Amino acid sequence: MTKKLFIHAITKFLLGVVLVGLLIFLPAGTLAFVNGWLLMGILFVPMFFAGIVMMFQNPELLKKRLNAKEEQKEQSLVVKLSGLMFLIGFIVAGLGFRFDWYILPYSVVLGAVVVFLAAYILYAEVLRENTYLSRTIEVQENQKVIDTGLYGIVRHPMYSVTLLLFLSMPIVLGSIYSFLIFLAYPFIIAKRIKNEEAFLEKELDGYREYKQKVKYRLIPFVW
């Protein structure tokens with residue numbers, strides 16, 4: 001761990017907390033949006049402790065996860081579309097609370113919380129299995145194909161996990177309208193996966209054979 005990495009990680013974490021808070025509570029017009037606080041809690045508390053663990057046990061992995069700058073034009077578009085989805089989705093959820101649009105029953109919200117936390121556990125498992133994971137598409141020095149654990153079920157378990165995380169977020173916020181907006185995510189991530197696999201086939205030894213071994217990209221028996 002270095003002082004520079006610590007400052008970088010804490011700064012990005014705090015900026016994330018502030019940005020998400022503003023996107024949720026400003027449109028809501030109040031801090032009394034309980035679902036908003038619920039999402040903030042289950043999102044950022046585990047993230048904080050996961051960051052602390054990575055900082056001491058695998059600072060290189062943390063450094064890679066903090067790097068979100070895409071060099072490829074097509075992938076940069078995917079990142080921008082995802083950001084736009086979050087922007088609109090969170091604002092709509094906040095407005096829904098302010099103007100008393102239909103709010104999902106609390107039992108449904110609690111179910112989404114369970115799914116979200118389960119997905120966070122799977123997220124940690126993916127990071128444990130594949131220490132080459134970065135947030136940008138690249139092949140690192142001495143990188144090998146991982147084909148065990150979750151990688152033996154689907155080729156992109158990290159994206160499978162984010163699918164669960166992101167689709168449960170608007171439900172935690174109680175907004176069916178926000179959920180409809182977040183349904184854009186499977187299509188956005190499908191575009192990223194197709195581009196990423198074309199890159200990995202060219203640049204990563206053994207990836208073509210791995211594709212033959214593990215048939216499904218994102219969802220078992222579906223795609």
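Me: Which helix supplies the largest share of the lining of the second largest pocket?

Reply: A pocket, on a 1 Å grid over the protein atoms alone, is an open set of points where a 1.4 Å probe fits, with protein on both sides within 12 Å along at least five of seven lines, and its lining residues have an atom within 4 Å of a point. Helices are DSSP runs (H or I, at least four residues) numbered from the N terminus. In this predicted model, local features need pLDDT of at least 70 and side-chain atom pairs count only at pLDDT 80 or more, while totals for chains, interfaces and linings use all residues. Residues are numbered from 1 along each chain as its sequence is written, and side-chain values use heavy atoms, with hydrogens and water left out. Here the largest share, 6 residues, comes from α5, and both α2 (34–57) and α5 (106–129) supply at least two residues of the lining.

Me: What is the volume of the second largest pocket, and which residues are closest to its centre?

Reply: A volume is the space filled by probe spheres set on the grid points, which are joined across faces, edges and corners. For this pocket the volume is about 300 Å³, and of its 14 lining residues, A50, V53, M54, A124 and L127 are the closest to the centre. The lining divides into 10 nonpolar residues, 3 polar and 1 charged, where Ala, Val, Leu, Ile, Met, Phe, Trp, Tyr, Cys and Pro count as nonpolar, Asp, Glu, Lys and Arg as charged, and the others, Gly among them, as polar.

Me: How are α2 and α5 oriented, parallel or antiparallel?

Reply: Axes are lines fitted to C-alpha atoms, for helices over the stretch in contact, and angles run from 0 to 180 degrees between N-to-C directions. Angles under 35 degrees count as roughly parallel, over 145 as roughly antiparallel, 65 to 115 as roughly perpendicular and the rest as oblique. The axes of α2 and α5 are 12 Å apart at an angle of about 15 degrees, and the two helices are therefore roughly parallel. Their contact (heavy atoms within 4.5 Å) involves residues including L38, I42 and M54 of α2 and V109, F116 and L127 of α5; by class it has 14 nonpolar, 1 polar and no charged residues.

Me: At what angle do α5 and α6 cross?

Reply: The axes of α5 and α6 (residues 157–172) come within 8 Å and cross at roughly 155 degrees, which makes α5 roughly antiparallel to α6. Their contact has 20 nonpolar, 1 polar and no charged residues.
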